[in-house]
Amino acid sequence: MTKHTLPIRSLDAKYYTDPALFEREKENGLARTWQFACHVSAVASVGDYYTFSIAGESLFCIRTNDNEIKAFYNVCQHRAHQLVQGNGNTGLIVCPYHAWSYELTGQLRTGPNLRAVEGFDKSTVCLTAVQLENFNGFLFANLDPNAKPMEEWFPRARKELRQFVPQIDQLKPLEWVEIPERCNWKLSVENYSECYHCQLNHPTFSQGIVKPATYDIQPQGYCLRHTTECQNLDKMSYPIDIESNEYAGQYSSWFLWPLMSFQVYPGNVLNTYHWHPVSHNEVIVWRGWYSADDSDIDLLRKLAKQDRETTVEEDIHLVESVQKGMMSRGYVPGPLVIDPACGVKSEHSIKILQEWMRQGIER
Ligand code: FES
Ligand SMILES: [Fe+2]
């Protein structure tokens, strides 16, 4: 007798539409994963700080006198006022409420009239730190004090990215393109993580440098690695010297669950996707472009514009339509198209992603 297995169905609509599940997800998923904070160049000098947020929490990175970069919750240990805003440089972190001041290491230094408090030992007060890792110049934070290091979450990704972008230590953010999407962040991430829709919806993709028949997405721990062979490298809209290094003629991307992806275009051109979930039905996608020296600025701006007008624009309509569909009483989750041979017309990557999504909510 042949054994029949039931097809795996896509996630229930509630995962994308229920505000209460979004709150649970912040607690269980987003607060327990490695998330991009800022580029190391944002805190280049002693005293430089930069605020960011994870799972609705305000945090900041700061460079100490020992040239270490630390990350803290942005909250005073007196009566909880926020400490810093935006970015800047300071010798001491001074709370705007009652002027308690902290060293760059987070240690409480002093506060008005603190000596009057009998039995108070100020050495016991320190800002609450969070784990921080430098991933090829990109700082990632994790609110879970017991989180395993990024190398365990995303095996080999750090080294591979460095091979594809040999100039990565010289890069600085050049441009951020902000793309609001009226959909749950998971729909945008899913759309990014399959190419079953590409041929129909991305003409530039299918006729461009990527050889669709070779496109595949496979997990490496909690990383989804996109690989493909390239074609028509002579028809690129920008000049590349494929002889300059081993990876100059290649494309690849590393999506680091849950909210960041590094993409490398031929010519070792790095760009990133960074998803900022706003609510259960809004997300802002930041497309980042990086320059090693000023010689490539015009090219990068051109690429950023072209990308915004083609792939990005095409995807916005797809994900916003799906969000509306998720609200429909008439929607019953369909089977994922999982081809045992994987490849471009398979949704095996969505199956993996949806398992992580479920864990992130139901843990
Ligand atoms: S809350 Fe910061 S000094 Fe009072
Ligand atoms: Fe797409």
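Between which two strands does the loop that holds N281 lie? The loop in question runs between strand 16 (269-279) and strand 17 (282-291). Helices (H or I, at least four residues) and strands (E, at least two) are taken here as DSSP runs, numbered from the N terminus. The model is a predicted one, in which local features need pLDDT of at least 70 and side-chain atom pairs count only at pLDDT 80 or more, while totals for chains, interfaces and linings use all residues. Residues are numbered from 1 along each chain as its sequence is written, and chains are lettered from A and ligands numbered from 1 in the order in which they are written.

With 21 C-beta neighbours inside 10 Å, N281 counts as buried. On this scale a residue is buried if 20 or more other C-beta atoms lie within 10 Å of its own, exposed if 12 or fewer, and partly exposed in between, with C-beta atoms placed from the backbone. Leaving aside neighbours within four places in sequence, N281 is in contact with T17, R182, C183, N184 and Q323; contact requires that the C-beta atoms of two residues, placed from the backbone, lie within 7 Å. The C-alpha atoms of N281 and E181 are separated by 8.5 Å, although these residues stand 100 residues apart along the chain.

Q323, one of the contacts of N281, also takes part in a meeting of two helices. The axes of helix 5 (residues 185-192) and helix 8 (residues 297-326) come within 10 Å and cross at roughly 130°. Axes are lines fitted to C-alpha atoms, for helices over the stretch in contact, and angles run from 0 to 180 degrees between N-to-C directions. Helix 5 and helix 8 are therefore oblique to each other, given that angles under 35 degrees count as roughly parallel, over 145 as roughly antiparallel, 65 to 115 as roughly perpendicular and the rest as oblique. From helix 5, L187, S188 and N191 meet D315, L318, V319, V322 and Q323 of helix 8. The residues of this contact divide into 4 nonpolar, 3 polar and 1 charged, where Ala, Val, Leu, Ile, Met, Phe, Trp, Tyr, Cys and Pro count as nonpolar, Asp, Glu, Lys and Arg as charged, and the others, Gly among them, as polar.

An open sheet of 7 strands has the order 1-10-9-4-3-2-5, with antiparallel pairing; two strands pair if DSSP finds at least two bridges between them. Strand 1 (35-39) and strand 5 (87-89) are the edge strands, each pairing on one side only. From one strand to the next, the twist averages 30°.

Within this order, strand 3 (residues 57-63) is largely enclosed by the rest of the structure, because 5 of its 7 residues are buried. Strand 2 (residues 48-54) runs antiparallel to strand 3 and is joined to it by 6 bridges, with C61 as the bridge partner of Y50. Strand 3 also pairs with strand 4 (residues 69-73) in the antiparallel sense, over 5 bridges, and here the bridge partner of C61 is A71. The hairpin of strand 2 and strand 3 has 2 residues between the strands, and A55 takes a positive phi near 50° in it. In the hairpin of strand 3 and strand 4, with 5 residues between the strands, N67 takes a positive phi near 65°. Elsewhere in the sheet, 5 bridges join the antiparallel strand 9 (residues 129-135) and strand 10 (residues 138-142), and L132 has A141 as its bridge partner.

Another open sheet consists of 3 antiparallel strands in the order 6-7-8. Its edge strands are strand 6 (93-94) and strand 8 (108-110), each of which pairs on one side only. Strand 7 (residues 101-102) pairs with strand 8 over 2 bridges, and the bridge partner of S101 is T110.

Two further residues complete the account. C342 is found in the loop between helix 8 and helix 9 (348-362) and, with 15 C-beta neighbours inside 10 Å, counts as partly exposed. Leaving aside neighbours within four places in sequence, C342 is in contact with D216 and H348. R363 lies in the segment after helix 9 and counts as exposed, with 11 C-beta neighbours inside 10 Å. R363 and G29 are 334 residues apart in sequence and 8.0 Å apart in space, C-alpha to C-alpha.
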